[in-house]
4 protein chains.
Amino acid sequence: MEYVKDIVWKPGMGVRELVESLGSIGFQATELYKAAEIFFKMKREGAKVILTFTSNMGTSGLRGLFAQLVKLGIVDALITTVGAIEEDVMKALGERFYIHRFSADDVELHELGMNRVGNILISNDSYARFEAFITRFIDELEVRKLTVSDFLRELGLRLSDENSFLYQAARRGVPVFCPAITDGALGFHLFMARERHPDFELDVIGDFGKMVLMLGQEDRKGVIALGGGVSKHHAILMTLLSGGADYAIYITTSTQFSGSMSGATTSEAKSWGKIKDDSDSVTVIGDATILFPLIAFYTIERLREEGLLG
Amino acid sequence: MEYVKDIVWKPGMGVRELVESLGSIGFQATELYKAAEIFFKMKREGAKVILTFTSNMGTSGLRGLFAQLVKLGIVDALITTVGAIEEDVMKALGERFYIHRFSADDVELHELGMNRVGNILISNDSYARFEAFITRFIDELEVRKLTVSDFLRELGLRLSDENSFLYQAARRGVPVFCPAITDGALGFHLFMARERHPDFELDVIGDFGKMVLMLGQEDRKGVIALGGGVSKHHAILMTLLSGGADYAIYITTSTQFSGSMSGATTSEAKSWGKIKDDSDSVTVIGDATILFPLIAFYTIERLREEGLLG
Amino acid sequence: MEYVKDIVWKPGMGVRELVESLGSIGFQATELYKAAEIFFKMKREGAKVILTFTSNMGTSGLRGLFAQLVKLGIVDALITTVGAIEEDVMKALGERFYIHRFSADDVELHELGMNRVGNILISNDSYARFEAFITRFIDELEVRKLTVSDFLRELGLRLSDENSFLYQAARRGVPVFCPAITDGALGFHLFMARERHPDFELDVIGDFGKMVLMLGQEDRKGVIALGGGVSKHHAILMTLLSGGADYAIYITTSTQFSGSMSGATTSEAKSWGKIKDDSDSVTVIGDATILFPLIAFYTIERLREEGLLG
Amino acid sequence: MEYVKDIVWKPGMGVRELVESLGSIGFQATELYKAAEIFFKMKREGAKVILTFTSNMGTSGLRGLFAQLVKLGIVDALITTVGAIEEDVMKALGERFYIHRFSADDVELHELGMNRVGNILISNDSYARFEAFITRFIDELEVRKLTVSDFLRELGLRLSDENSFLYQAARRGVPVFCPAITDGALGFHLFMARERHPDFELDVIGDFGKMVLMLGQEDRKGVIALGGGVSKHHAILMTLLSGGADYAIYITTSTQFSGSMSGATTSEAKSWGKIKDDSDSVTVIGDATILFPLIAFYTIERLREEGLLG
């Protein structure tokens, strides 16, 4: 049995010591520490790690950390929605996103050609340059029918930004799955490409097969789900089909009371066999922009200390 | 300027009077009434109405109300995720879902073959019977390449349940869009079908085109988004591409503070041009299982009174 | 075992039928119905009912419903915070509160002398007239030392508004407890009164005794807690000291994950003995301005049908 | 205009660098950094700082940090609810609180004599020993009528625990206000003391005066509100009466949509004049057990670097 311990500041505190201290505070600080420990443990025990995140996290500065985790060999597959793909490309092309306010004058922003995502702004110009890039990219594709993850690998290979998760994933053979590939500006560009190239096709069923075959029943499997929705569900489905996750970390701002996937807990997942009954799993409630760097930095430091970093 | 009015019970109060009384209480009750008024107004003014909902709402008893809204000619397109499709079919096949508890013993449920969604349970047997049905359905499809919405229309035509939204939509020519069609058990069945029929394809890009062409710039357009995620985003995207929504109702349990699509407000949507600057729009915070029946029943009663019900 | 049932609109639906239909939808709609059933049951079985609500609910139009529940003999004690007291008095004096927007320009409102509570505004003038009234009231009090609940009874006796809960409570001998009586504008007026009358005292310890003695171990006891904080905690404490509640309904927008009292569940309360292990209890997540009228109206209708209404 | 920057792990990252990196991620990470900057700024500019927190934060390990902030001369007044008082004393007496799970079997815990607060347990034995201590303490009090803050100072003087905020506050002349002093087990002990000593009184009106007189119109004033309810409201009221806060940090898991004080934003506060129109203020959404150590540690490090730490 563990006890609540008072947290106090000490000179020269590093991130690892901070996260350990949080573990004894109680409430979500304790759950955060559990998540950090589980992340470290899944790597130490050789699990394949599926990291999934929602579009807005690609909008945020977490995107560089996702790329770093791929680069360091910590993550084996990524699953996200199309907004995160678009914005990873934009940033790789040099577009800048602005930090603004939650309580903005949205009509005024519209007139300024600025699109708001919480307290972040993306300009119409960034979208225009993305369109020019993606249009040429599709036109130059040699294959006219490919799975979504192959499409995203080709896309990543065209980029040259260390902080791009598409770039890192393409170079390290880490697949990026995106089960709703048309749900964004990209959907429109794909549609226009089809008008120009009637044989252009993205094969979603083929991608599902690729995803299913990637994980074996005998593999140890870990899921880290930041946010909810389709990307979270898809990661869980992927492990369900290969026997369930051995480790699971859910970070969410939603709760289970409306029955949504976004708020569904690691406990609920056990009823489905999505997560094994005896798994190491935890749900942490809060904004991933704060929680995930703490968890990931702790894990990287622990892995480095134990010589487990590639 | 309106004033707060005390709400008191009166004998024989009907749903319409109840919703009107809620309008003067303040806080979310006032927003709920605004939503009901906007729903009525979008119909009275001849808007095309896009209704979007997340998978869990198909799990719940709201599914019959969605079907009724289609049947009554109130809704022009549906957008949802694949879980709602699967469960609409299961229910049409006679499967029963159980009402249970949020604080369940999930390991025990797993042993009993019961899968939990909040306080609702779906049995493994229901999934098995769904698999048998859908496998035969796909094998009997005459066309081997079709868009997702055509696939779902064919599926609806095979059902015979007044409370099924797929059934009602298929009969009334209302398209059902599902931008992440592989994200569920159906994904696996589609993958197995591909193994048996290598030419079997679902065309997601083609569906996007169909969706884009359905709405014109000159149409008045209304969006009703229950919950968040891909289905909400897709509905908004659909109206963005045809000039933005004139009316919008968002019902969500999420808030905008993590920058998620689920919590994104109707105000934020204006910065994107997703919703017109001078639109009638409202965000109501709460569980759609309670809020949406109140809003929809009010609207149906108002439409009937004014002779606007088909 | 109950099953999910599809909800559909039927002509002439009343509130009772609506609430019953909600019960079979799942998620929070089901919890709402449970709450309505428990409220009815606690009355049918003769429990003493403690209703507690936060300040903002007095700001809203729920205030008239609280008064009606006292008038109908359904509630035996009220517990709230001082804002609700102040605003009940203001409304009884004829002050009007405005319905506005959540996304207001607060600096502009400040310049206009308007104070915002969510989407409701209270004018500085209303506060000024409240001050004049309460100052005279205190100056005319014959007793200079009294418990808080006696002070509030005297206050209620000065009002003449059917929709005032202070008025109804004073006339029906229902005590109103307010454990943080100085936490509002009233605190300042009490302080100024003390300057004029150095012997003026409100006895909080005496009020605690009165509260403790009001409920016996043998009484059946029900708690209805709208919102959280001190008023919720005080109601629970009151029943804990007399053996725990037999019935409990919590309505809250908070969740338990930060360990707050506001989000604490009826389950957690059992660990403390605040609620009996075998009690009828439910936690409903949502805004009380929508949820509580549904629950209370259902209960009133059921009580009337069974001839149990005073 | 600032831009979103990618966050990446670097070897040897300290807390200060971490918090700065969070500032450029967007969403709540950015708000967290703003809060840290405002805390530092209010100290650098000589403001009087009011720190307010809810009962559960006293239950958690944050309690030691509150004590440290008092000890370092960073905080000028504390406002909380009675649970935090009780548990600060218990811990000072050597009682241990257990770290447990949110999804506990509460009936079983009740049988074990364990009381749950989120994922923390307090034993009945700890309450019994608290009762023995507080009973003797009251019996030995020489003055029989005193304000609440004087009562709490006397209490703090009896303790000898560096991590107790009552202890540190008593020694440094920092007042601890508790506007609902009877709302807990202490309420019962005060009531029993009154039975033994009919002249025993706690003067809440007197305490209000003391609080009002502590801050002048000309003082710069900062409020740090962790959680909501009466303690948050009281801190804001205190600054309102002396012209409004110049700096304000709200950390909360609630949102403004139900009109509650717990979710009320720093913007809403401006309509009341509680916070000055041109103040530095921020609302951060999340659990204070994670957020507040980051904010406070950053501030302490900045103050130390600039030689501003006592």
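**View 1. Ser281(C) is partly exposed, with a relative accessible area of 21%.** Here, buried means under 20% relative accessible area, exposed means over 50%, and partly exposed lies in between, as found with a 1.4 Å probe on the protein chains only. Ser281(C) has its place in strand 12 of chain C, residues 275-285, where helices (H or I, at least four residues) and strands (E, at least two) are DSSP runs numbered from the N terminus. Although Ser281(C) and Tyr247(C) are 34 residues apart along the chain, their C-alpha atoms are separated by 5.4 Å. Leaving out residues up to four places away in sequence, Ser281(C) touches Ile38(C), Ala248(C), Thr266(C), Lys270(C) and Ile275(C), a contact being heavy atoms within 4.5 Å.

This is a predicted model, in which local features need pLDDT of at least 70 and side-chain atom pairs count only at pLDDT 80 or more, while totals for chains, interfaces and linings use all residues. Residues are numbered from 1 along each chain as its sequence is written, chains are lettered from A and ligands numbered from 1 in the order in which they are written, and side-chain values use heavy atoms, with hydrogens and water left out.

**View 2. Asp246(D) is a buried residue, with a relative accessible area of 8%.** Asp246(D) belongs to strand 11 of chain D, which covers residues 245-252. Which residues is Asp246(D) in contact with, leaving aside its neighbours within four places in sequence? They are Asp219(D), Arg220(D), Lys221(D), Lys276(D), Ser279(D) and Asp280(D).

**View 3. Chain C is superposed on chain D by a rotation of 180° with 0.0 Å of shift along its axis, and the RMSD is 0.0 Å.** The two copies are thus related as by a two-fold rotation axis. The superposition is by least squares on the C-alpha atoms of residues with pLDDT of at least 70 in both copies. Of the residues of chain C, Ala180(C) comes closest to the rotation axis, with its C-alpha at 2.2 Å. Because 100% of the interface residues of chain C are also interface residues in chain D, the copies meet through the same surface.

**View 4. A rotation of 180°, with 0.0 Å of shift along its axis, also superposes chain A on chain D with an RMSD of 0.0 Å.** Among the residues of chain A, Gly14(A) comes closest to this rotation axis, at 2.1 Å for its C-alpha. For this pair too, 100% of the interface residues of chain A are interface residues in chain D, so the copies meet through the same surface.

**View 5. A search of the whole structure finds 46 aromatic pairs over all chains, and the pair of Phe191(A) and Phe208(B) is one of them.** The ring centres of Phe191(A) and Phe208(B) are 6.4 Å apart and their planes stand at 45°, so the pair is tilted. Rings of Phe, Tyr and Trp (its six-membered ring) pair if their centres lie within 6.5 Å, and planes under 30 degrees apart count as stacked, over 60 as edge-to-face and the rest as tilted. Phe191(A) lies in helix 10 of chain A (residues 185-196) and Phe208(B) in helix 11 of chain B (residues 204-214), so the pair joins two chains. Phe191(A) is buried at a relative accessible area of 10%, and Phe208(B) is buried at 1%.

**View 6. Phe53(D) and Phe66(D) form a stacked aromatic pair, with 4.0 Å from centre to centre and 20° between the planes.** Because Phe53(D) lies in strand 2 (residues 48-53) and Phe66(D) in helix 4 (residues 62-71) of chain D, the pair ties together parts that are 13 residues apart in sequence. Phe53(D) is buried, at 0% relative accessibility, and Phe66(D) is likewise buried, with a relative accessible area of 0%. In chain B, one aromatic cluster is formed by Phe39(B), Phe53(B), Phe66(B), Phe165(B) and Phe292(B).

**View 7. Lys274(A) lies over the face of Trp272(A), at 4.2 Å from the ring centre.** A charge sits over a ring if NZ of Lys or CZ of Arg is within 6 Å of the ring centre and within 35 degrees of the ring normal. In chain C, the charged end of Arg302(C) sits over the ring of Phe40(C), 4.1 Å from its centre.

**View 8. Phe27(A) has a phi near 50°, which is a positive value in a residue other than glycine.** Phe27(A) is found in helix 2 of chain A, residues 27-44, and is buried at 0% relative accessibility.
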